[in-house]
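Student: I am new to this structure. Can we go through some of its terms together?

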Amino acid sequence: MVTQVEKNNQSASRQNIFSETFRFCGEPARFMRANLFVIWIVILFLFWMFTPIQGIPYPSEVLAAFQRMFASEANDTSNLVYNTWTTLKLNIVGLFFASVVSLLIAYFSVLPILQPLNQILQWFRYLPIVAFNLVFLSIFTIGWSMKVAMLSTGMAFFLITSMTAEIAQIPKLKYELARVLNYGDFKVFWTVVLRPTLPAMIDIVAQSAAMGWVMIVAIETFNRTEGGIGAAIYSYSSTNQKAEVYVYLIIIGIIAILEDQFFYWLKRILFPYTTISERA
Amino acid sequence: MEELLNIDNVSKSFPLNDGKTLQVLSDVNLRILNIPEKPQILSILGPSGGGKTTLLRILAGLDKPDSGRVIIKDGSMREVKIGDIGVVFQRYPLFDDQTVLNNLVEPAKNGGLSAQEAKAKALKYLEEFELVRQADSYPMQLSGGQRQRVAIAQQLIQERRYVILDEPFSGLDPNNIQKVINLLTHTAEQHTDNTFIIVTHDVTSAMIISDHVHLLGKPNDTEEKGGAYFVKEYDMIAEGLAYQPDIEDLPRFLEIKKEIKYVHFPRLVIARN
């Protein structure tokens, strides 16, 4: 029986696994850990500066490209802020719809009649969403609504799989405890299924947000009418403008880190008990 | 008024992978009385594989017997249904996303109390079980003993006559067994309207704590063989060879007169073909 709190504790203690495994390394102090982080960033930056790999532009080139892209016309599809905002908006809206739909489908999988549908939808995650471009085109007009629909659908297949797996992990004993306490069906669902799994659902959405960026690039490549990071990367790649591509890669990385922090903060605010340490 | 829990000719089998059937319970009969104002603890004792858990699940309404029935008398005679009998499961599962207080308030509210009444009652139980300081803690922050106390209080708060405890001594060292015995004895004295049914394989603890011991045999045991197993264990305990109870309990333990009922010795695997 692994509870949500236990899982969070396991996750929190995971960072110490290596120091526990390789005891000769010792347990680095918090200050030291922060320093190690900075040291690794510096190492990677130095590698970037002096890399012999031809395909990677130098930092100075990327910086120059950043200034050019930032300074271009605000509504121009080569403008950095415009493209970043277009894609970020798509990411947020797509993730919202995908999360709502997936949560509903995953939680309703406790109803036997919906379990086969849930299973079939999980199999769809193996299929590349852009292959259904024409299907979406026949339902939506090309542009914003079609991109949102494609992104939401593509992410939902993964979200449903992870969310359903989380629900399936609830120990049978928890249901039986609720039953012997005379809880009705809805209260069992609320007490055993919905409420305790919500923190894990935030983790799952956070992971899928990262996956969404991979899909976005593909979706925006197919739907370039409104610009966006995906369309821009496609356009710059086809003209071999490596520095511009790397500007967007760095921006995606920064947004991903901020999104991770946002979900971590959200979980702490909504479910403070998930940060409680296991009793020694 | 006497309450009654009656197990009438209950049988239960499970299909095995090789096409055979494992007969776990066969025509089990057991009569459990609840006499108000009298603390009562009884044990269903038996070795592993003797069908204790299966019987517990049928008693609690979690599983249906293949044949036979469990009758509860609470005013009228009727078949037992899930929720009639409280169960303190092994390892004490609780609602981990809720505080200790809410783990008691919710079942109390479900029993028909208003939010205020439920909270007042929960606080009373926390006081009784010495858990007031843990009221705002989460189950993950509790020790095993504290979890057990919350789990017992959670079942008692709905005021059901019968509360079953599944292997409450399992995996504990003698010191902690003694603590659990003290806790259960004290709880039974405080809740004289309840009958506590302990399902265990721990002969010593069952003998110390119970007013009645019902022996559930292993498959293929005869009544004589089951009795011999029990007597042998009992002799060992009496001689202080198997387990030394707390010195203050020893005289009481040795003087105690147990009513031992040999409930059932089911047959071994029965082939379907």
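This is a predicted model: local features need pLDDT of at least 70, side-chain atom pairs count only at pLDDT 80 or more; totals for chains, interfaces and linings use all residues.

Tutor: Residues are numbered from 1 along each chain as its sequence is written, and chains are lettered from A and ligands numbered from 1 in the order in which they are written.

Student: Why are α11(A) and α12(A) called roughly antiparallel?

Tutor: The axes of α11 (residues 229-238) and α12 (residues 242-270) of chain A cross at roughly 155 degrees. Angles over 145 count as roughly antiparallel. The two helices are therefore roughly antiparallel.

Student: Which residues of α11(A) and α12(A) make the contact?

Tutor: Contact needs C-beta atoms, placed from the backbone, within 7 Å. A:I229, A:A232, A:I233, A:Y236 and A:S237 of α11(A) meet A:E244, A:V245, A:Y248 and A:I252 of α12(A).

Student: What makes α2 of chain B mostly covered?

Tutor: Buried takes 20 or more other C-beta atoms within 10 Å of a residue's own, C-beta atoms being placed from the backbone; exposed is 12 or fewer, partly exposed in between. In α2(B), residues 100-110, eight of the 11 residues are buried. Among them are B:V100, B:L101 and B:P107. The cover includes α3 and α4 of chain B.

Student: How many residues does each chain bring to the contact between chains A and B?

Tutor: Chain A gives 22 residues and chain B gives 20. On the chain A side, α9(A) has the largest share, six residues.

Key. Helices (H or I, at least four residues) and strands (E, at least two) are DSSP runs, numbered from the N terminus. Two residues are in contact if their C-beta atoms, placed from the backbone, lie within 7 Å. Axes are lines fitted to C-alpha atoms, for helices over the stretch in contact, and angles run from 0 to 180 degrees between N-to-C directions. Angles under 35 degrees count as roughly parallel, over 145 as roughly antiparallel, 65 to 115 as roughly perpendicular and the rest as oblique.
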